[in-house]
Amino acid sequence: MNGIHDMGGMQDMGPVETEKNEPVFHARWEARVAAIGRALAATGKLKGGLRPPIENLPPLDYLRMSYYEKRLVSLVERMLAGGLVTRAELDSGSPAAGSAKSVPALKPVDVLSFMRRTPSLLNDNLVAARFQVGQSVRARNINPVTHTRLPRYARGKSGVIERDRGVAPFPDTSVYGQGDKPQHVYSVRFSAREVWGAGAAAQDAVYIDLWEDYLEPA
Amino acid sequence: MDTTRRDFLTAAATVAGATATTDLAHPEDHVHSEVPSDVALRVKSLESLLVEKGLVDQAALDAVVDVYENKVGPRNGARVVARAWVDPAYKQRLLTNGTAAIAELGFSGEQGQAITVVENTPQVHNLIVCTLCSCYPWPVLGLPPVWYKSAPYRSRAVIDPRGVLREFGTQLPDDVEVRVWDSAAEARFMVLPERPAGTEHLGEEALAALVTRDAMIGVAKVLPPATTGGRQ
């Protein structure tokens, strides 16, 4: 979706403001949002991608809300979609009468190993690669109204495949449970001038990892 | 809309309060002394609901927070960088397969399935961003700072990297090639900064102490150790 989240290339957002000695969390609730998200991930029952609920926020809300407020929106939506809680339970703050009590999927003793577990990648040979390293490609000019990882600023631009990053599920469909469509992802080098015009430094470049379905031969 | 607006203002005030705190060792104490914000109350209510339903264990949540606050973070990345500086074979492995080489030092986990390390040289300067969201290599850098997730950084890092670098006090010669890495897929990037001159005598631990988070994002360079008695 051509939403406010896809902000690469905008110029009116002001200077980057940093904070000295920034804490990991600015308030206890932020830490709890992060932790609840991880603990519920262990149930395997959160449904839907993390990002679509955030990307679907009205643009003004997206810009106003802090990062963890947006994470909370996403967490609640995925809990509801996965049937972990009901809207009535969220409103009342209490479990529905007569509802069964679960056993927490993430136990304190398992936290360290759970947090150190690296998610696995798909086998690179699962599907054949359509493009080769060194090949010229163009990012397709597509404008899906749903989740996509093809940034607007790259659409229609030509680049060169720098590296084949292997196979991954296609987020445009997989986050909606509409099929993994596993395919190769490529690191594509776009010259800064191709993307931003003659004002950019001739030698500068932007590298974007793009799924095969986003690309066509140039 | 009113609720959202109020939540935002409250959250903004909370963040501002934490920022204004001078007692940096205990930023949360300050926040705790404030009237709880709407969002803080909502999260508290959500947590007790989930505990009552048996979906989360509060001690497990505490342990997760402890990992985020104390066990992951840029000190991990700094150790990786220092090892690469002193051990050419390790550096080669790191640049070839970041995730595997980083795991050699015991760092792994969420957001670490495909860590790609990009090397700064006198000719090439790398900068990391996630224009669409907030992708970041958690096992080596921890959770990202607010500015990394902010609209100004995400929007301008790709179109004006040199301008953004100047805001961080990093001035690059015109002939250096700037490579911006937009983390749009599974790969998470980390910059291997240049080892500063005058550090030949330093061991791995002393080198790691020089490496900053910002240098591993690519908005800064690693500075040589301050001369004793001199200005920074």
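Trainee: What should I know about the model before reading any values?

Mentor: The model is predicted: local features need pLDDT of at least 70, side-chain atom pairs count only at pLDDT 80 or more, and totals for chains, interfaces and linings use all residues. Residues are numbered from 1 along each chain as its sequence is written, chains are lettered from A and ligands numbered from 1 in the order written, and side-chain values use heavy atoms, without hydrogens and water.

Trainee: What makes up the secondary structure of chain A?

Mentor: Eight helices and five strands. Helices (H or I, at least four residues) and strands (E, at least two) are DSSP runs, numbered from the N terminus. Along the sequence the pattern is α-α-α-α-α-α-β-β-α-β-α-β-β.

Trainee: Why is A:Thr173 called buried?

Mentor: Buried means under 20% relative accessible area, exposed over 50%, partly exposed in between (1.4 Å probe, protein chains only). A:Thr173 has 14% relative accessibility, so it counts as buried. A:Thr173 is found in helix H7 (residues 171–174) of chain A. Across the whole of chain A, buried residues make up 46% of the 218 residues.

Trainee: Why is B:Gln58 called partly exposed?

Mentor: Its relative accessibility is 40%, and therefore B:Gln58 counts as partly exposed. B:Gln58 is found in helix H4 (residues 58–71) of chain B.

Trainee: What does B:Gln58 touch, leaving out residues up to four places away in sequence?

Mentor: A:Arg32, B:Glu47 and B:Val51. Contact means heavy atoms within 4.5 Å.

Trainee: What joins the side chains of B:Gln58 and B:Glu47?

Mentor: A polar contact of 2.8 Å. The term needs a pair of N or O atoms within 3.5 Å; within protein, one must be able to donate a hydrogen and the other to accept it, and residues adjacent in sequence count only if both atoms are side-chain atoms.

Trainee: How do you know that B:Asp62 and A:Arg32 meet in a salt bridge?

Mentor: A salt bridge is a side-chain nitrogen of Lys or Arg within 4 Å of a carboxyl oxygen of Asp or Glu. For B:Asp62 and A:Arg32 the N to O distance is 2.8 Å. The count between chain A and chain B is six salt bridges.

Trainee: How much area is buried between chain A and chain B?

Mentor: About 8,000 Å², of which carbon and sulfur atoms give 64%. Buried area is the accessible area (1.4 Å probe) that two parts lose on being put together, summed over both. In residues, 88 of chain A are in contact with 88 of chain B.

Trainee: Why is H1(A) described as largely enclosed by the rest of the structure?

Mentor: Because twelve of its 14 residues are buried. Among them are A:Trp29, A:Arg32 and A:Leu40. The cover includes H4 and H6 of chain A, together with helix H3 (38–52) and H4 of chain B.

Trainee: Why does the span of helix H5 (residues 74–86) of chain B agree with expectation?

Mentor: Its 13 residues should span 18 Å, and its end C-alpha atoms are 19 Å apart, which agrees. Buried residues in H5(B) include B:Asn76, B:Ala78 and B:Trp85.

How values were computed
Expected span 1.5 Å × (residues − 1).
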